[in-house]
Amino acid sequence: MNYIGSKKRLLAFIEEKINEIVDKPVSIFCDLFAGTGVVGAFFKEKGYSLIANDLQYYSYVLNKSTLGINTEPKFEKLTFIENSKNSKSPAENVCAYLTSLEGRKGFIYKNYAAGGTKSKEFKRTYFSDENAKKCDDIREKIEDWNSKNLLTDEEYFYLLACLIQSIDLYANTASLYGAYLKKLKKTALATLVIKPIKIIPSTKKHAIYNMDSNKLAKKIKADIFYLDPPYNHRQYGANYHILETIACMDSPKIRGKTGQREQSDKRSSYCLKREVKKAFSELIESLDGKYIFLSYNNEGLLSLDEVKDIMSQRGEYGVFKKKYQRFKADKDDKRVYKAKNTEEYLHYVKVRT
Ligand SMILES: C[S@@+](CC[C@H](N)C(=O)[O-])C[C@H]1O[C@@H](n2cnc3c(N)ncnc32)[C@H](O)[C@@H]1O
């Protein structure tokens, strides 16, 4: 997923610097702003026990799947999907079954595809008619199976995560859901295929949460806290609102040209100049761990000095820097940026005992 602030291409840098700083025994790694879960997945693979959290429900779904599940689900109760008669894994067979569903006119089709919105005030083209209908059918099928107790908790989240990751590849946007393209682009015209998500094997227990980090921080303990909050005013809820609606399946009230859902309860203090400093100070103060690492960049709402002052309160502080290519939507995005690169910082504090 092309996610704002994704650390996918910074994983090696983050690991190298963490290894340089950490000199006490550590086993619990906590990612409090987990997003797509790539950082957690990376450290899960390295043998850590993970705690992951994010405010957005679609992110919770992704993290429940990639981090929360240690072995491939077997889907034993879906007996009508003939799992043993071919060489594919149960997950591949179930995904193929979901892909083959015909489609139905549900919430996504009625509000975010040309066919469903043609006689409404706003004609929206977030998905092709075919993919919007398929998405509705698949989402409903997963819910139906779950309500009939045909899925374990893990299997339910696994299938939701497969749908979220797959449908995102067919969105008719320049990456974010804050706007859609008028003409269907090539990838949006292709027919939706549900791909199985790769499970990372692990023998450790992992805990996944879906709440405000500042509230969660008061209840948990970890060896390493990794923080990757939003840097600027872009609220994630607004930029990924359709993924949130698909994940929640709550047919929300929507408004305006882009069909945004009401999300005032998911408004992040980290995206607001007047709130960010207080929120960050309170978070740092409440963390119960040995090390705190923070990814931030030179264009963030908090200045380098503000971060330094706040983090230094907890112990020995330092910072690493790296030049980094800024987040770019695809080539249809006409946004003009001041600079092609940003400076990415990894701040740290060895917490005083
Ligand atoms: C920069 S992104 C994290 C990206 C992630 N490291 C990755 O590589 O995918 C910031 C994340 O913080 C989440 N977020 C924002 N405010 C939050 C809060 N108060 N509590 C928990 N999560 C929050 C957003 O939903 C978003 O997913």
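This briefing walks through a predicted model, from its sheet and helices to its ligand shell and a few loop residues. Local features are described only where pLDDT is at least 70, side-chain atom pairs count only at pLDDT 80 or more, and totals for chains, interfaces and linings use all residues. Residues are numbered from 1 along each chain as its sequence is written. Helices (H or I, at least four residues) and strands (E, at least two) are DSSP runs, numbered from the N terminus.

**The sheet**

- The model has an open sheet of 7 strands in the order S3-S2-S1-S4-S7-S9-S8, with mixed pairing; two strands count as paired if DSSP finds at least two bridges between them.
- At the edges are S3 and strand S8 (315-325), each of which pairs on one side only.
- From one strand to the next, the twist averages 15°; axes are lines fitted to C-alpha atoms, for helices over the stretch in contact, and angles run from 0 to 180 degrees between N-to-C directions.
- Helix H14 (residues 304-312) packs on this sheet and touches strand S7 (291-297), S8 and strand S9 (341-351). The direction of H14 makes about 170° with that of S7. Contact here means that the C-beta atoms of two residues, placed from the backbone, lie within 7 Å.

**How the strands pair**

- Strand S1 (residues 28-31) and strand S2 (residues 49-53) run parallel and are joined by 4 bridges.
- S1 also pairs with S4 in the parallel sense, over 3 bridges.
- S4 and S7 run parallel with 4 bridges between them, and Ile-224 has Tyr-291 as its bridge partner in S7.
- S7 and S9 pair in the antiparallel sense over 7 bridges, with Tyr-296 opposite Tyr-345 in S9.
- S8 and S9 are antiparallel too, over 11 bridges, and Lys-322 stands opposite Glu-344 in S9.

**Buried parts**

- A residue is called buried if 20 or more other C-beta atoms lie within 10 Å of its own, exposed if 12 or fewer, and partly exposed in between, with C-beta atoms placed from the backbone.
- Strand S4 (residues 224-227) is covered on both faces: Ile-224 and Tyr-226 are buried on one side, Phe-225 and Leu-227 on the other.
- Helix H2 (residues 38-45) has 6 of its 8 residues buried, so it is largely enclosed by the rest of the structure.
- The buried residues of H2 are Val-38, Val-39, Gly-40, Ala-41, Phe-43 and Lys-44. Their cover includes helix H1 (11-21), S1, S2, H3 and S4.
- After H2 comes Gly-47, with a positive phi near 105°.

**One side of helix H4**

- In helix H4 (residues 90-99), the buried residues are Ala-91, Val-94, Cys-95 and Leu-98.
- These residues are on the same side of H4 because they cover an arc of only 100° around the axis; the arc is that of the directions from the helix axis to the C-beta atoms.
- An α-helix has 3.6 residues a turn, so residues three or four places apart point the same way.
- The buried residues of H4 pack against helix H7 (129-147) and helix H8 (153-168).

**Around the ligand**

- There are 22 residues around the ligand, and the closest are Gly-5, Phe-33, Gly-35, Thr-36 and Ser-268. A residue is near the molecule if its C-beta atom, placed from the backbone, lies within 6 Å of it.
- By class, this shell has 9 nonpolar, 9 polar and 4 charged residues. Ala, Val, Leu, Ile, Met, Phe, Trp, Tyr, Cys and Pro count as nonpolar, Asp, Glu, Lys and Arg as charged, and the others, Gly among them, as polar.

**Loop residues to look up**

- Phe-75 lies in the loop between helix H3 (57-66) and H4. Phe-75 has a positive phi of about 50° although it is not a glycine, and it is buried, with 22 other C-beta atoms within 10 Å.
- Ser-175, in the loop between H8 and helix H9 (186-189), is another residue other than glycine with a positive phi, near 95°. Ser-175 counts as partly exposed, with 19 C-beta neighbours inside 10 Å.
- Asp-212 sits in the loop between strand S3 (207-209) and helix H10 (213-217) and is partly exposed, with 18 other C-beta atoms within 10 Å.
- From C-alpha to C-alpha, Asp-212 and Val-94 are 33 Å apart in space, and they are 118 residues apart in sequence.
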